[in-house]
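Hi,

Here is the structure I promised to pass on. Please have a look at it first, and then read on for my notes.

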Amino acid sequence: MDARHELGIGLLGLGTVGSGVARILPAKSEALFGHLGTSLTIRRVLVRDREKPRAVRLDPACLTTDPAVVLDDPAIHIVVEVIGGEEPALTFIHRAVAQGKHVVTANKEVIAKHGPELFRAAAARGVAIKYEASVGGGIPIIAVFQHDLSANDLREIRAIINGTTNYILTRMANEGSEFASALAEAQALGYAEPDPANDVDGHDAVYKLAILSSLGFHTEVHPDQVYREGIRQLAARDFQYAANLGYAIKLLALARNTTRGVEVRVHPTLIPRERLLAKVDGVFNGIEVEGDLVGRLMLYGRGAGAEPTTSAVVADVVDLVQRIVRGESPAYQEPPRVPRPVVPMAEVTSRYYLRLIVADRAGVLAQIAREFGERNISIAAVIQMAADAAAGTAELVVMTHQANEAAMRQTVAAIARLAVVSQVASFLRVED
Ligand code: NAP
Ligand code: HSE
């Protein structure tokens, strides 16, 4: 190839990730693209505030607050969207596609909610939308699903894909901290946002699981179809009790490809401590995949942060540039996505962990056991953890064998109505 390609990048956003991309692309451009006879220039950068101090040195003339300056520039071939949030990012991506530009995005909310419509629009326009950074930060997982695992029928995805909650849960487990103080610490360290709801209530993990299950199972899972529980209700003593029983507690994102449809859920879960996922601590992420050929596979790494996320964004840019230079279609042709039913949560089966505060006297256990027995739920273990002599109460932990979710919820409601039970303090699922 002798003609030198001059490709232009338009960057939407210059925050944590955008600054990383703006620093790394020029610094590594020659190494990444020189041998292709290609030069890649960041031509324009969209921000909200041009006067804001930036973590990266850029020609101030590049900065604009007018999206049209980026999206309508014919010399921009690839738009990198790192604004975040649903709007205006969605509108910007649609407009970039309509203008015939390839898009690289780190935006899990947009891809989870609008991926199918965006991919159709991109295919119709002959451009690519790449989204490696949307799940797992620096962990390569989207390309792994699209290419390296393409011969597999994926059966199951189990993932810890939110670093903020994993940091909080690790503190609760290791230091005995309660949720509020572990959250405050995560905020002080910059891991958790001032408004932590997106992370601690499980929305972020739901977006990522919707993306992974849609891609991995060749279907369309909308985030609204994913069952979600966050971590606010967890207490430090649950971590102690779980540890005594040989378990860690993690915010698990779980997707199963079953004959009845796809099972998709995000909730705090007891995981045996010997499993690799249980050892994913702090802000790290871990994604375990099970395929019919590859068996069980685990990917582990940094799920957030400027440099890991930049690693994923730049890899998408590199892939696009290589395809453009080779004259190939830059769009990944994935197998058709076939809509599948989502198994209602009430029909799911799991093992359960229940922590109860009960009257500390004879016959209490028998009443509780009767409620399980009447709904055909088999108890695996009952342990009396602590007694409060002054209050006349004791703490009971019950572990069940596999049970149906609806039957378990009815049992919990019936137990809560017993006069001898003062509180159902925890109700968690267990995945062995
Ligand atoms: P951020 O630090 O909040 O930066 C957002 C950038 O977008 C800022 O530069 C902001 O401009 C600009 N922006 C926001 N709204 C805008 C608007 N309406 N018009 C023009 N510019 C606008 O966000 P981030 O942490 O870099 O995250 C970016 C994306 O990457 C998100 O989708 C996020 O989920 C994803 N992601 C982030 C991480 C991470 O570790 N941070 C990891 C994986 C994925 P100003 O600077 O002028 O305010
Ligand atoms: N807020 C996310 C997390 C990082 O805590 O993992 C961006 O995906």
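A residue is called buried here when its relative accessible area is under 20%, with a 1.4 Å probe and protein chains only as cover. By that cut-off, buried residues account for 55% of the 432 residues in the chain. Do keep in mind that this is a predicted model.

First, the overall fold. The chain contains 13 helices and 17 strands. Along the principal axes, the C-alpha atoms fill a box of roughly 85 × 45 × 35 Å. Of the contacts between residues at least 6 apart in sequence, 73% link residues at least 24 apart. The accessible surface of the chain is about 18,200 Å², and carbon and sulfur atoms contribute 50% of that.

Now to the ligand. Which residues are closest to ligand 1? They are L14, V17, K52, R54 and G305, out of 22 residues that surround ligand 1. Sorted by class, this shell holds ten nonpolar, seven polar and five charged residues.

Oxygen atoms of ligand 1 take part in several polar pairs:

- R54 places a polar side-chain atom 2.6 Å from a ligand 1 oxygen.
- K52 has a side-chain N or O atom 2.8 Å from an oxygen of ligand 1.
- R48 comes in through its backbone, with a polar atom 2.9 Å from a ligand 1 oxygen.

On its own, ligand 1 has 900 Å² of accessible area, and the protein covers 78% of it.

Best wishes

Conventions:
Residues are numbered from 1 along each chain as its sequence is written. Chains are lettered from A and ligands numbered from 1 in the order in which they are written. This is a predicted model: local features need pLDDT of at least 70, side-chain atom pairs count only at pLDDT 80 or more; totals for chains, interfaces and linings use all residues. Side-chain values use heavy atoms; hydrogens and water are left out. A residue is near a molecule or strand if one of its heavy atoms lies within 4 Å of it. A polar contact is a pair of N or O atoms within 3.5 Å; within protein, one must be able to donate a hydrogen and the other to accept it, and residues adjacent in sequence count only if both atoms are side-chain atoms. Accessible areas come from the Shrake-Rupley method with a 1.4 Å probe; for residues, only the protein chains shown count as cover. Ala, Val, Leu, Ile, Met, Phe, Trp, Tyr, Cys and Pro count as nonpolar, Asp, Glu, Lys and Arg as charged, and the others, Gly among them, as polar. Helices (H or I, at least four residues) and strands (E, at least two) are DSSP runs, numbered from the N terminus. Buried means under 20% relative accessible area, exposed over 50%, partly exposed in between (1.4 Å probe, protein chains only). Contact means heavy atoms within 4.5 Å.
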